[in-house]
Amino acid sequence: MTDYKKYFPWFKNNKNCYYLDNSATSLKPQCVINEVVEYYSKYSTNPHNNDSALAAVINKKIADTRKKVAKFLNVKNPNEIVFTSGATESLNIVVNNVASWLNKGDEVVLSYAEHASNLLPWLNVEKQKKVKVVFAGEKDTNTPTTNAFIKAINSKTKVISFSNASNLFGYEIDIKKIVTAARKINKDIIVIIDGTQSAPHCITNISNWNIDFFVCSAHKMCGPSGVGVMWGKMALLEKITLMTKVGGGSASTIESNKKVNLAPIPARFEAGTPNTEGILGFGAAIDFLEQIGMKNIIQKEHELKQYFDKKIIDVKNIDYVSKEAKFPICSFNINGVNPQDLANYLGKAGIIVRGGLACAKLSYKITKNTVGYVRASFYFYNDFKDIDVLINALKKFDKKNIADAIL
């Protein structure tokens, strides 16, 4: 098994720790760190200042990163790639604008497994616009499946907004199959994909999916925090009028009669001094992932998931809910133990996981479990030893460890 840890300084600096919280954020390779440091040490100029040679270099680097992201996501027009602070901002822009195109009685289809960033904005819309939020799920279990989404679509459905990879359960939803079925009912239905969890772990193919909007975050893809992507079809981006921010760079001219002429897309959405170092670091992260190869990443994660599935059954009283998951997201409990207590116990042993509902605030509608799970999530730099350490710690767990962990 290829050792990818050598690219990540985190492991050298935390030799007694085991990082298994990749669904929350990924570690950063040295090449990404170098790119950020180089910006500050060599350039450190505002890209809006086009009067300097340094700014010209940075502007080209940003443009190159936009092209890299477009290629990585299989987007034909790089200008449809808008840089934001992350998927949360991207979703808020998309949802609030799409909502302004809806009417009372229109339906929006989500699932109970959605991250809060794709749930809370729509619930706010439901209150304000009186549209109806419908949750797709199998009868009795509420489990979101491809078929459940298709069954939830009807003539009133105007929007489908979902994550194609659950951050808690690791399931995969077939985007193309849903879109094909939806377009037969309503050719103008808007499809929004939260690709935050899928983009780091599978080949993204926006051009082939025939969707309308897609969002993701750099920090889950070996890139810096504070940078994300909002992609939309150009015709829909042109319709967006509700901006989360306006200012320098978002207007081409302001006429004497106060008429504002917006800058071309994507500049109109990227007002103010950008997170330049973050964008450049994102470009380095894309280069790194391409160098490793997404097929190699997928294969490595498949091996890790299979290994975990095999080992977890040896833990007594385990409740493991991610066995059928495609993505390397493994959620489990030890019966009778609060997941946060178990996560704290593991954390004290240097095993970094997540405990709770992982921001999937309505997932209890699926599992009937209101406190959530312990989530171990892998990336390609993890190895079998990381899993062995986790499994051994779970085997040794005793309820008396709870007080020790808290103290």
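Student: Where is Asn369 found, in terms of the helix and the strand on either side?

Tutor: The model is a predicted one, and what follows should be read accordingly. Asn369 lies in the loop that runs between helix H13 (364-367) and strand S15 (373-377). With a relative accessibility of 14%, Asn369 counts as buried, because the limit for that class is under 20%. Its side chain reaches the backbone nitrogen of Val371 at 3.0 Å. Once neighbours within four places in sequence are left aside, Asn369 is in contact with Asn333, Leu357 and Tyr364.

Of its 407 residues, 54% count as buried. A compact globule with 407 residues would have a radius of gyration near 22 Å, and the chain agrees with this at 22 Å. The C-alpha trace spans about 75 × 55 × 40 Å along its principal axes. Among contacts with a separation of 6 or more, 70% join residues 24 or more positions apart. The accessible surface comes to about 17900 Å², and carbon and sulfur atoms contribute 50% of this.

Since 14 of the 17 residues are buried, H10 is largely enclosed by the rest of the structure.

In one of them, the side chains of Asp287 and Lys68 meet at 2.8 Å, N to O. This pair links distant parts of the chain, with Asp287 in helix H10 and Lys68 in helix H3, 219 residues apart. Asp287 is partly exposed at 37% relative accessibility, and Lys68 is likewise partly exposed at 28%.

Another salt bridge joins Glu172 to Lys326, with the closest N and O atoms 3.2 Å apart. Here too distant parts of the chain are linked: Glu172 is in the loop between strand S5 (157-163) and helix H7 (175-185), Lys326 is in the loop between strand S11 (318-320) and strand S12 (329-334), and 154 residues separate the two. Glu172 counts as partly exposed at 40% relative accessibility, as does Lys326 at 49%. Finally, Lys5, Asp383 and Asp386 are linked in a network of salt bridges.

How values were computed: Residues are numbered from 1 along each chain as its sequence is written. This is a predicted model: local features need pLDDT of at least 70, side-chain atom pairs count only at pLDDT 80 or more; totals for chains, interfaces and linings use all residues. Side-chain values use heavy atoms; hydrogens and water are left out. Buried means under 20% relative accessible area, exposed over 50%, partly exposed in between (1.4 Å probe, protein chains only). Helices (H or I, at least four residues) and strands (E, at least two) are DSSP runs, numbered from the N terminus. A polar contact is a pair of N or O atoms within 3.5 Å; within protein, one must be able to donate a hydrogen and the other to accept it, and residues adjacent in sequence count only if both atoms are side-chain atoms. Contact means heavy atoms within 4.5 Å. The radius of gyration is taken over C-alpha atoms; the globule rule is 2.2 Å times the number of residues to the power 0.38. Accessible areas come from the Shrake-Rupley method with a 1.4 Å probe; for residues, only the protein chains shown count as cover. A salt bridge is a side-chain nitrogen of Lys or Arg within 4 Å of a carboxyl oxygen of Asp or Glu.
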